[in-house]
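Try each task before you read its solution.

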Amino acid sequence: MTDEQRQILARINAYAEEVMGDIDPQKVPVSTQLQNLRPIMEEIAGEMNMSLTDFFILYMDLQSEASCLTDQKMREELQDINNGDGMPILYR
């Protein structure tokens with residue numbers, strides 16, 4: 001992931017925290033969450049001269065990549081812990 005892509009995600013995440021910080025993402029439909037993010041997505045898409053649809057695809061790709069990186073980091077950290085003598089910590 002490039003620095004520019006990280007900045008895009010950070011900008012969207014900061015906006016999301018501002019407008020949806022008090023919601024439970026498990027209880028609010030994804031469509032509603034995306035509707036709340038639409039203003040920042042339109043703004044960034046305009047800055048990048050992209051259609052909203054193309055930007056949404058980029059955002060979903062970046063979010064998936066970030067999620068995979070976070071998952072991998074967690075697995076690596078748990079691997080270090082699991083090398084001890086105690087009961088292993090399982091992660092799915």
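**Exercise 1: the largest pocket**

Solution. A pocket here is an open set of points on a 1 Å grid over the protein atoms alone, where a 1.4 Å probe fits, with protein on both sides within 12 Å along at least five of seven lines; lining residues have an atom within 4 Å of a point. Next, the lining: it has 14 residues, and Met20, Pro25, Gln33, Leu37 and Tyr59 sit closest to the pocket's centre. Then ask which elements give two or more residues to it: α1, α2 and α3 (52–82).

A note on the source: this is a predicted model, where local features need pLDDT of at least 70, side-chain atom pairs count only at pLDDT 80 or more, and totals for chains, interfaces and linings use all residues. Residues are numbered from 1 along each chain as its sequence is written, and side-chain values use heavy atoms, with hydrogens and water left out.

**Exercise 2: the helix pair**

Task: work out how α1 and α2 cross and which residues meet.

Solution. First the geometry: the axes of α1 (residues 3–20) and α2 (residues 30–47) come within 10 Å and cross at roughly 145°. Axes are lines fitted to C-alpha atoms, for helices over the stretch in contact, with angles from 0 to 180 degrees between N-to-C directions. Now the residues: from α1, Ile8 and Tyr15 are among those that meet α2, whose partners include Leu37 and Ile40.

Notes: Helices (H or I, at least four residues) and strands (E, at least two) are DSSP runs, numbered from the N terminus. Contact means heavy atoms within 4.5 Å.
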